[in-house]
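Subject: Structure for you to look at

Hello,

Here is the structure I promised to pass on. Please open it beside this email and follow along; my notes come after it.

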Amino acid sequence: IFPLSSSRSVSSIFYFSIDDVRSLQVNIPHSGPIFAPLGSSISIPCLVSLSSTPTTAASSSFPVVPRIKWTVVSGGVETQILVARGQRVKVNEAYRDRAALLNYTSSTDDASLWLGDLRSSDSGHYRCEVQQGLEDASDLVQLKVKGVVFHYRDALGRYAFSFHEAQRACEAIGAEIATADQLLAAYYDGYEQCDAGWLADQSVRYPIQVPREGCYGDMDGQPGLRNYGTMDPDDLFDVYCYVEQIDGEVFHNSVPQQLSFNEAQSYCRAAGAELATTAQLYLAWSEGLDRCSPGWLSDRSVRYPIITPRERCGGPQPGVKTLYRFSNQTGFPEPSSLHDVYCFKGE
């Protein structure tokens with residue numbers, strides 16, 4: 001599996017004689033899940049092979065054009081991505097400009113699927129199915145899209161990072177500054193944040209699902225990524241960070257603790273661990289961690305991960321919730337205040 005930027009055009013016909021073909025085989029040559037980063041592109045291979053049988057006089061030899069179909073099963077729902085037969089390829093509108101049969105024009109035994117601009121919601125089980133005459137064969141593989149984009153703010157207040165400070169801030173919490181493609185992928189998964197933040201290309205943007213006063217930016221009345229363009233590196237904004245992998249586990253005691261920041265550090269050390277970083281908590285949340293208990297992290301912030309929204313756990317939206325000192329959502333809690341704790345133990 002590898003990133004690609006190949007042409008997506010499709011205009012070929014497969015011809016096989018039913019005299020020559022009796023057994024159809026389809027193979028996705030992967031034994032385990034495929035992992036791919038958020039916002040990237042991949043090719044999922046699907047190899048088609050046809051075995052020969054003796055020709056009989058009674059058999060006709062008109063060409064049979066195979067039908068290729070790719071679907072994905074996610075959350076118990078199967079969605080068609082595309083169907084191809086001969087020169088006709090029908091791509092689901094939801095995958096327009098994101099899906100194609102990569103080598104359809106050049107190889108009759110290659111039905112590999114190209115999928116671009118990967119989103120977390122693209123994770124699922126992908127099925128390559130080929131039908132020819134009365135025969136039908138398919139194979140299945142799991143795709144897991146890794147990585148999460150998150151907004152990060154300085155402890156002192158809103159819009160406090162220069163571009164280089166923003167890069168260092170993400171690195172300090174175990175992440176890297178996000179790219180525009182990664183933020184766009186997060187937006188298509190439903191991410192919204194009405195705070196302008198630096199990205200890796202030195203642009204400043206923010207994702208809005210529901211346009212409203214104060215969040216219009218350069219797209220008055222329309223949802224999308226607001227874009228300030230390339231900014232002076234000394235200008236001050238928040239930042240969007242990205243984390244894809246952590247070598248270890250974030251853990252949380254089932255019995256909520258009441259600890260100061262220093263006590264939280266000691267608690268994790270006593271467990272052979274350390275305070276989790278904000279990036280580690282976000283990635284753990286993206287992989288299913290759900291705890292309605294605000295806890296200390298290594299940057300002195302207090303946060304908690306919510307998968308299933310409930311009234312007393314931060315409102316109607318899933319996400320990593322943050323406790324701020326002030327009502328305008330700035331400032332981290334006093335180090336002497338008492339909260340739970342999230343620890344991280346490396347592999």
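In helix H1, which spans residues 163-172, the buried residues are Phe 163, Ala 166, Ala 169 and Cys 170. Buried means under 20% relative accessible area, exposed means over 50%, and partly exposed lies in between (1.4 Å probe, protein chains only). Helices (H or I, at least four residues) and strands (E, at least two) are DSSP runs, numbered from the N terminus.

Viewed down the axis of H1, its buried residues fall within an arc of 115°, so they line one face of the helix. That arc is taken from the directions from the helix axis to the C-beta atoms. An α-helix has 3.6 residues a turn, so residues three or four places apart point the same way. On the face of H1 turned away from the buried side sit the exposed residues Arg 168, Glu 171 and Ala 172. The cover over the buried residues of H1 includes strands S14 (148-152), S15 (176-177), S16 (197-198) and S19 (238-243); contact here means heavy atoms within 4.5 Å. Just after H1, Gly 174 has a positive phi of about 85°.

This is a predicted model: local features need pLDDT of at least 70, side-chain atom pairs count only at pLDDT 80 or more, and totals for chains, interfaces and linings use all residues. Residues are numbered from 1 along each chain as its sequence is written, and side-chain values use heavy atoms, with hydrogens and water left out.

Next, some loop residues. Most residues other than glycine have a negative phi. Asp 97 is not a glycine, yet its phi is positive, about 70°. Asp 97 lies in the loop between strands S9 (88-91) and S10 (99-101), and it is exposed, at 56% relative accessible area. Arg 300 also has a positive phi, near 75°. Its loop runs between strands S22 (295-296) and S23 (302-306), and Arg 300 is partly exposed, at 39%.

Leaving aside residues up to four places away in sequence, Asp 122 touches Tyr 95, Arg 98, Asp 117, Leu 143 and Val 145.

As for the whole chain, it has four helices and 26 strands. Of its 347 residues, 47% are buried. Among contacts between residues at least 6 apart in sequence, 64% join residues at least 24 apart.

Regards
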